[in-house]
Amino acid sequence: MDGYFGEDVAARYDDPASQMFQAETVDRTAGVLAELAAGGRALEFAIGTGRIALPLAARGVDVQGIDLSRAMVAKMREKPGGDLPVAFGDFATTRVEGEFALVYLVFNTIMNLTTQDAQVDCFGNAAAHLAPGGAFVVEVMVPQLRLLPPGQTAVPFSVAPDRIAYDVYDLATQAMSSNYVEPAGDAHVFRSIPFRYAWPSELDLMARLAGMTLTDRWADWSKEPFTGESERHVSVWRRPV
Ligand SMILES: C[S@@+](CC[C@H](N)C(=O)[O-])C[C@H]1O[C@@H](n2cnc3c(N)ncnc32)[C@H](O)[C@@H]1O
């Protein structure tokens, strides 16, 4: 029911040591999103534990969310200001009432939709919630295929006694997975989360199918220019006014 974000993951999700939870990262992200909301309402696809939604709401933005995981949202409910409205369902298809100036989907979560159809539906669902001129913002990694030596399909990203972690890519289907081997008592547990990777240009096409146009693409929340060396992007597509 909670997908890949059940009680155990939710309990460990908010990790102050992780880059994504550093105050500077969170502040910068919330700052850019507040600017894009421009006084209007915001809807977070995959609101999770409120990592970004709560600081955004603290800036005076009216924020709502959609998420599949009751366990993740329960963690948000424990925090000050954590009673933001949340609809439970798939953000590719779930509708909430009203129009929004901003819909946003951060932390690679577009990739949790594992088919092209679902990702296309997600862009359509974002557009359907936006007021004219409204913005859909996605933060997602650039597929790290340049790290794959010929003939190999895995890219390790943590090689340490307390965690071995690696991504596996299937270049034929754009299927991908992140895999973790972690100690649990005297043994180890293996977890694998499936994703679908997409290039920025494919996302632009999905936006076009949904009637939106790219207005900005940055390498990060500092709005550094996106280049061929960028490892992720923050992209903004808008509905016509
Ligand atoms: C990596 S967390 C991101 C949470 C939050 N946006 C953040 O930046 O911290 C991914 C979240 O996406 C949710 N999720 C994954 N696939 C989903 C789907 N298809 N529909 C709704 N929520 C989904 C998970 O339940 C989880 O809360």
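Contact here means heavy atoms within 4.5 Å. Keep that in mind as you click around this predicted model, where local features need pLDDT of at least 70, side-chain atom pairs count only at pLDDT 80 or more, and totals for chains, interfaces and linings use all residues. Residues are numbered from 1 along each chain as its sequence is written, and side-chain values use heavy atoms, with hydrogens and water left out.

**Stop 1: the two domains**

Colour 7–143 + 198–238 as domain 1 and 145–193 as domain 2; these bounds come from an automatic or database domain assignment. Taken over C-alpha atoms, the two centres are 25 Å apart. Where they meet, 10 residues of domain 1 are in contact with 7 residues of domain 2.

**Stop 2: the largest core**

Next, select Phe 45, Leu 105, Ile 110, Cys 122, Phe 123 and Phe 136: of the 39 residues in the largest nonpolar core, these touch the most other members. (A nonpolar core is a set of buried Ala, Val, Leu, Ile, Met, Phe, Trp, Tyr and Cys residues joined through side-chain atoms within 4.5 Å; buried means under 20% relative accessible area, exposed over 50%, and partly exposed in between, with a 1.4 Å probe and protein chains only.) Elements giving two or more residues to this core include strand E1 (42–45), helix H5 (116–129), strand E5 (130–141) and helix H6 (200–209). Helices (H or I, at least four residues) and strands (E, at least two) are DSSP runs, numbered from the N terminus.

Now centre on Phe 123. Leaving aside neighbours within four places in sequence, its contacts include Ile 110, Phe 136, Leu 203, Met 206 and Trp 237. A second, separate core has 27 residues, among them Leu 54, Leu 56, Leu 84 and Val 86.

**Stop 3: around helix H6**

Which residues of H6 are buried? Select Pro 200, Glu 202, Leu 203, Met 206 and Ala 207. The buried residues pack against H5, E5, E9, strand E10 (213–218) and strand E11 (232–238). After H6 comes Gly 211, with a positive phi near 80 degrees.

**Stop 4: Asn 125**

Hop over to H5 and pick Asn 125. Its relative accessible area is 5%, so Asn 125 is buried. Not counting residues up to four places away in sequence, Asn 125 touches Phe 45, Phe 91, Ala 92, Thr 93, Thr 94 and Arg 95.

**Stop 5: the ligand**

Show the 19 residues around the ligand; Tyr 13, Glu 44, Ala 46, Arg 51 and Asp 67 come nearest. (A residue counts as near if one of its heavy atoms lies within 4 Å.) Try the distance tool on these pairs:

- a polar side-chain atom of Tyr 13 and an oxygen atom of the ligand, 2.6 Å
- a polar backbone atom of Ala 46 and a nitrogen atom of the ligand, 2.6 Å
- a polar backbone atom of Phe 91 and a nitrogen atom of the ligand, 3.0 Å

**Stop 6**

Most residues other than glycine have a negative phi. Ala 38 has a positive phi of about 50 degrees; look for Ala 38 in the loop between helix H2 (23–37) and E1. Ala 38 is exposed, at 65% relative accessible area. Finish at Lys 223, whose phi is positive at about 65 degrees. Lys 223 sits in the loop between E10 and E11 and is partly exposed, at 32% relative accessibility.

Notes:
Polar contact = N/O pair within 3.5 Å; in protein donor to acceptor, adjacent residues only side chain to side chain.
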